[in-house]
Amino acid sequence: MKGRVLLFLSILSLGSVFGQVSYSINEEMAKGSLVGNIAHDLGFNVKSLQSRKARVYSGDTVEYIELNKDRGVLLVKEKIDREVLCGQTSPCALHFQIILENPIEFYSVTVEIVDINDNPPAFEKGEINFKISESAVIGSKFDLERAVDSDVGINGLQSYALKPTDNFALKLHDQADGTKNVEMILQKPLDREKSDLVSLVLTAVDGGEPQMSGTMQIIITVLDNNDNAPVFTQSVYRATVMENAPKGTVVTTVSASDADQGSNGKIEYSITNTLDDVRDIFEVNEENGEVRLIGFIDYERKRNYQVNLRASDIGGFTDSCKVIVDVIDINDNKPNIKIMSKSSIVSENAKPNTVVTMINIQDPDSGENGKVQCFINENIPFMLKSTSNNFYSLVTDSNLDRERASEYNISVTCSDEGAPFLSSGVTLALQISDVNDNAPVFERKSYEALLTENNTPGLSVFTVKSSDIDWNQNARVSYILEDSLVNGVPISSYVSVSADSGVIHAVRSFDYEQIKDFQFGVKAQDGGSPPLSSNVTVKIMIQDQNDNPPQVLYPVQTGGPLVAEMVPRSADVGYLVTKVVAVDVDSGQNAWLSYKLQKATDRALFEVGLQNGEIRTIRQVTDKDAVKQRLTVVVEDNGQPSRSATVNVNVAVADSFPEVLSEFTDFTHDKEYNDNLTFYLVLALAVVSFLFITCLVVIISVKIYRWRQSRILYHPSLPVIPYYPPRYSDTLGSGTLQHVYNYEVCRTTDSRKSDCKFGRAASQNVLMMDPSSTGTMQRIQSEKNILDEPDSPLEVRPD
């Protein structure tokens, strides 16, 4: 049955809401009985209780009340016996808390247990015996055992009745503790001769509905001539004892006297407490009245005891007193730390004053022994705040940084103010969850790498590295190639980057002669939400390889008419015959060229400059020297391995053109004849059995060759020496033509004729001949006539 409901709500500080709700129910209610609608009384709906994980926190006590989150009501979980729960304490109440999370809140709930009349008054003994002298005077008092009723209030013991009332009347005395002392008063003398045994019935009645009662039989044996009763020196004795006093400690000593003599004056002491635990803790010496401890006492369980004593003589006369024993508290209990609700993980971006844990401190000691102060270890971003009596909240004190500290072991220590003080502690493990607040950081501000040209596509060039001090997904870095153009081409056609490892791969094979370096950007991006990133510049420099042989610019090697340098027989030692001009498109030492004379008709006549390629005479020209001289010059670069090119230079040793004309007329034919002869020899050795067929093929080849030669007679036969612009050099300034060369140009005025207009040279001549023509041409110097026709052959020669 639901009783009265009192609701008190109060808003406290520190961002946590506390309230108090009170209910009243009868004891012995069945399991599942309704206590109250807590959701309605606290102003919450049922879904809110479910989503915020509402629960009952009752500390160490038995949970008699449970929360039904589906209905938002409190129900009886276990049948409640008020007498077991509270004994004689009134009012009797259950205290617990309703805890809610997100945010953490708690409300105090008090359920008062209302007593019902479920226990009758009861006497410890069903029968009690007295020995009373027949000479007992009217008004003599006989102390009777009191009945005990576990119920309280109106349901407790209310009155006594004694029957029959022929000789005795009943008298009740109210005590300070609310109980009644029961005495039997002799109102009519006993007559042993009439009856030596009197039987009475004492009935105890409570005030409940329905009314309940208990009885005890009183058997009186009538004795002869004991007319004085014992008398205590005090009706109330007071004593104190420490709660840690050992067994056998004398609490106090009571004393009674009897005016009778002999055996009638001998007094016996006894404890008359019945249903409580006094006789388990205290005993009295029957002869001398010393009250001693025989059990252990605990201030936190019970703070005082009332020991009821009786003094009786042999004649059955009695007197009673009581001893009030106060238990003195000592500091024997450590503060008890209870974790009401806690968060084991808190985000690093949690704001200051965020509640992390709620704790409850209990110390059952009293006074200074029960006053508790709590504190936590220093130099951590947390603080402990007292929210109400015995309740503390652990809150964040400043901003958190997981990268500085990913977890905390927070030691909570609570000490009382006793002497000596007692303390207890608990360690709270708290992890800081990561927030993506740090961008990836590259190991370097920029990167440079060398890549040798002619690389294999897909080659790993180098690796960019970055780190992110965040955790897990927030620290997972991906590498992205930023869009850009190099020479108008997307950078993705040059390189690629591995998203996971940051390895830079060459997508294509590079040629140093086409591209010497390029740069691009790489972005490192983490996996957070939103993601953070950083950028770095990467520069790749192409390293040259010796992959290009030298190229001979002059003299030009063509299949056209024969070109010869003419040296007069009067030439002195060191006469400059001509100069071999070559370039190498490589760079550095790969483009350093050297010139060597490989073969010559007369090695003793000519030499080649190692560095400049100049062909000069090394002795005086004589009449014995052959008119026709042929030199083979090798141009070699300085690479590893080196590359080379070969050029043939024809030299005519003569003072005039007619003198050497006959020598050079068959020069070309001799070369062709030698080539054909070699071809015939090889063919004859390889195919002897087909000699006849081979001869026919040779004859036909000769016929065709002569027919083509006859056609050539109709075309101009002047050779062309290419013209190169002044200061010709490679792009890096490392080529082999770093000087200025001037060239002369000669053209024919008619493409059908072999004569030309030219300016005369000062000293040097070039002889150009065609076997089918008789014309000659001299080389001219810088100032000359350049004829108008663009398709005319021209001759170019360096100064």
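Me: Where is the place of Ile-693?
Reply: Ile-693 sits in helix α7, which covers residues 691–712. Helices are DSSP runs of H or I with at least four residues, strands are runs of E with at least two, and both are numbered from the N terminus.

Me: Which residues make the nonpolar surface patch?
Reply: Phe-692, Ile-693, Leu-696, Val-697 and Ile-699 make a patch of about 500 Å². Patch residues have over 30% relative accessible area and no salt bridge; like charges are joined within 9 Å, and nonpolar side chains (Val, Leu, Ile, Met, Phe, Trp, Tyr) within 5 Å. Areas come from the Shrake-Rupley method with a 1.4 Å probe, and for residues only the protein chains shown count as cover.

Me: New topic. How many salt bridges does the structure hold?
Reply: The structure holds 17. A salt bridge puts a side-chain nitrogen of Lys or Arg within 4 Å of a carboxyl oxygen of Asp or Glu.

Me: What about Arg-279 and Glu-124?
Reply: Their side chains meet in a salt bridge of 1.9 Å, N to O. Arg-279 lies in helix α4 (residues 278–281) and Glu-124 in the loop between β8 (105–114) and β9 (127–133), so the pair ties together parts that are 155 residues apart in sequence. Arg-279 is partly exposed, at 33% relative accessible area. Glu-124 is partly exposed too, at 33%.

Me: And what links Arg-82, Glu-83 and Asp-115?
Reply: A network of salt bridges links them. Within it, the side chains of Arg-82 and Glu-83 meet at 3.4 Å, N to O. Both Arg-82 and Glu-83 are buried.

Me: Where is Ser-341 found?
Reply: Ser-341 is in strand β25, residues 336–342. Ser-341 counts as buried, because its relative accessibility is 3%.

Me: What joins the side chains of Ser-341 and Glu-101?
Reply: A polar contact of 3.3 Å. That term means a pair of N or O atoms within 3.5 Å; within protein, one must be able to donate a hydrogen and the other to accept it, and residues adjacent in sequence count only if both atoms are side-chain atoms.

Me: Which residues does Ser-341 touch?
Reply: Leaving out residues up to four places away in sequence, Ser-341 touches Arg-55, Ile-99, Glu-101, Ile-104, Val-356, Thr-357 and Met-358. Contact means heavy atoms within 4.5 Å.

Me: What is the mean pLDDT of the protein?
Reply: The mean is 80, and 81% of the residues reach 70 or more. Over residues 1–17 the pLDDT is below 50. Over residues 713–799 the pLDDT is below 50 as well. pLDDT is the predictor's confidence in each residue, from 0 to 100. Where pLDDT is low, the predicted coordinates should not be read in detail.

Me: How many helices and strands?
Reply: The protein has 7 helices and 55 strands. Buried residues make up 43% of its 799 residues.

Technical notes. Residues are numbered from 1 along each chain as its sequence is written. Side-chain values use heavy atoms; hydrogens and water are left out. Buried means under 20% relative accessible area, exposed over 50%, partly exposed in between (1.4 Å probe, protein chains only).
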